Structures are given as C-alpha cells and as structure tokens.
Amino acid sequence: MSHENIVHFVGAGPGDVELITVKGARLLGEADVVVYAGSLVDRELVLTYAPDARVYDSAGMDLEQTTKVLAEGVLAGERVVRLHTGDPSIYGAIQEQMEELDRLGIGYEVVPGVTSAFAAAATLRQELTLPEVSQTVVITRLAGRTPVPEREQLRNIAQVGATLVIYLSISMIEKVVQELLSGAYQEDTPVAVVAKASWADEQVLTGTLADIAAKVRDAGIGKQALIVVGDVLRARSEGMKAKSLLYDKGFSHGCREGIVV
C-alpha cells in the first residue's frame, strides 16, 4: 500500500485558517476527497487549502456513510483526508472511524492539530501552568448526552484544584459552577470563557465562579466555547507568585551553565 493510498485524519486547528499545520495544509492541497466536520470547521479553510477536491460535509452523515466515502476513495486510488476540528484526539470521535477502517483493512494516519484549549490560552495571553500555582492542566467536560465515568465527574476532578479547561459544557454553565464549588475552587476563583477561539468573531468573558454564569447568559453564548478555570488566571492582574527556573541566571540545565555571581 502506498503512503498516499490511506486515509489521513487531519486536525484543522481551532478555527483561524492559518492555524492548521504545514503538513495538514499540504495533505489538503493534495487531496482528491475531503470529508470535513462542517458544523465546526470553517468552510473557508477547506476552500483555501483544497479548492479542487470533492468535499463532503459530515455534519449530515452517519458513521456508515462517512466510512463508505473514505473507503471508496482509498480503493479507487484517490488521496483522502478526513478533516476534524482542533486536534482529532480531543473529543474527535476518530477511534470509532479507525475501527471501521481496520475492519475493512484500510490504512490511516493521524496528523495532529492545535486544539481550542491552546487557542483560548493564546487569546487570553495566559500560561496554563505557573510555578507554585498549578503544574497540571485537566481537559474535561460535563456529562451531557455523552456520559462521563463516575470517577471523572466534574465534582471529583475539581478536588485536584488544577487548571481546568472544560469543553462542550457552556450550555450547562450553572451546573459547571455548582460542581466546581463542591471541589477545591472558591467563589472568587477566576474563570475565563472563550467562545470561538481564534475565529474572527471570538468572544472573551472573564469573571469568577460567583458571576460567570450570569455573564455567559447575558452575552448569549450557548455553544463553541471553552471554560478555563484556575488561579493561574490571577497572574495577569496580581502578578506571578514565582518565576520559572528555566531562564533564571543561576539555574543550570543541559544546554546552559548557570551564571554564578
């Protein structure tokens, strides 16, 4: 089987058409067939990078239909791209698609993309891990139509007190707040909501667990938004507790000897 004669699962990035990887853009440019998540990936991105491909919007297709298009393309010797929003490994539903391709004996490769958590952090100009504040980032979601294992219920995750990036839960913001307050977070814990991170019409709301739900409702944000929670968000207004040792002039590491004064 040639390298081209497989399905490439490609992460389109968070929205901005330039935030796709060089490899992803190249594969789109070479593609004969593209199946893309039209409810989340900007059509402009597909038109920009794959103007000559046959394009299928998976928003109105089920797993059987998308598999059929992918498989038929590969078997016809065409170059096939399955384009997902963000990074395919985060809530991308690619495992079930790969399982179907395994069953059919069709090869595939995954090309990572920029997930919206990092686009949101970039928009906020915020580091998600800060010395002496948080060295852990948890990507999670509230249980909705897709259930969440009991041990991963938000109230349990909230016991850790790490930086949280909560996907797919903005429509249940009151429940999110309630679950977090039953964990390690306080009413004055800072929160940022970033809707459509990196898109031209992105929106940013900042507040605390005490007031963020009302702000979200007032702004009319109901989907495609991330909730970022944690004390790292205080750094912009209150300064940092501690600096990283990485660039400290007295700190030695594998590439640099510390300067002794």
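# Exercises on a predicted model

The largest pocket has a volume of about 1500 Å³. The model is predicted. Work through each exercise with the structure open.

## Exercise 1: The largest pocket

Find the residues that line the largest pocket, and sort the lining by class.

Solution. 

1. Count the lining. It holds 43 residues.
2. Go to the centre. S39, L40, T85, Y91 and L168 lie nearest to it.
3. Trace the helices. Helix 3 (63–75) and helix 4 (95–104) each supply at least two residues of the lining.
4. Trace the strands. Strand 4 (80–84), strand 8 (190–195) and strand 10 (225–229) each supply at least two residues as well.
5. Sort by class. The lining has 19 nonpolar, 16 polar and eight charged residues.

## Exercise 2: The largest cavity

How many cavities of 30 Å³ or more are there, and which residues line the largest cavity?

Solution. 

1. Count. There is one cavity of 30 Å³ or more.
2. Take the volume. For the largest cavity this is about 40 Å³.
3. List the lining. It is made up of A12, G13, P14, G15, L40, V41, D42, L45 and T85.
4. Sort the lining. Five residues are nonpolar, three are polar and one is charged.
5. Look back at the pocket. L40 and T85 line the cavity, and both are among the residues nearest the centre of the largest pocket.

## Exercise 3: Salt bridges

Locate the salt bridges between E109 and K23, E72 and K68, and D201 and K196. Then judge how exposed K23, E72, D201 and K196 are.

Solution. 

1. Start with the total. The count is 13 salt bridges.
2. Take E109 and K23. Their side chains meet at 3.2 Å, N to O. E109 is in strand 5 (residues 108–111) and K23 in helix 1 (residues 22–30), so this pair, 86 residues apart, links distant parts of the chain.
3. Check K23. Its relative accessible area is 36%.
4. Take E72 and K68. The N to O distance is 2.9 Å. Both lie in helix 3, four residues apart, about one turn of the helix. E72 has a relative accessible area of 44%, so it is partly exposed.
5. Take D201 and K196. Their salt bridge spans 3.5 Å, N to O. D201 is at 44% relative accessibility, so it counts as partly exposed. K196 is at 23%, so it counts as partly exposed too.
6. Salt bridges link E150, R155 and E179.

## Exercise 4: A nonpolar patch

Solution. 

1. Name the members. They are Y91, V137, I139 and L168.
2. Take their area. Together they have about 320 Å² of accessible area.
3. A patch residue needs over 30% relative accessible area. V137 has 33%, and is partly exposed.

## Exercise 5: Positive phi

Find the phi values of R125 and L168, and say where each residue sits.

Solution. 

1. Recall the background. Most residues other than glycine have a negative phi.
2. Read R125. Its phi is near 50 degrees, a positive value. R125 is in the loop between helix 5 (116–124) and strand 6.
3. Judge its exposure. Exposed means over 50%. R125 is at 64% relative accessibility, so it counts as exposed.
4. Read L168. Its phi is near 55 degrees, also positive. L168 is in the loop between strand 7 (163–167) and helix 7 (173–181).
5. Judge L168. With a relative accessible area of 48%, L168 is partly exposed.

Key
Residues numbered from 1 in each chain as written. Predicted model: local features only at pLDDT ≥ 70, side-chain atom pairs only at ≥ 80, totals over all residues. Heavy atoms only, no water. 1 Å grid on protein atoms, 1.4 Å probe; cavity = no way out; pocket = protein on both sides within 12 Å on 5 of 7 lines; lining within 4 Å. Points joined across faces, edges and corners; volume = space filled by probe spheres on them. Nonpolar A, V, L, I, M, F, W, Y, C, P; charged D, E, K, R; others polar. Salt bridge = Lys/Arg side-chain N within 4 Å of Asp/Glu carboxyl O. Buried < 20%, exposed > 50% of the residue type's maximum accessible area, 1.4 Å probe, protein only. Patch = residues over 30% accessible without salt bridge, like charges linked within 9 Å, V, L, I, M, F, W, Y side chains within 5 Å. Areas by Shrake-Rupley, 256 points an atom, 1.4 Å probe, with all protein chains shown as cover.
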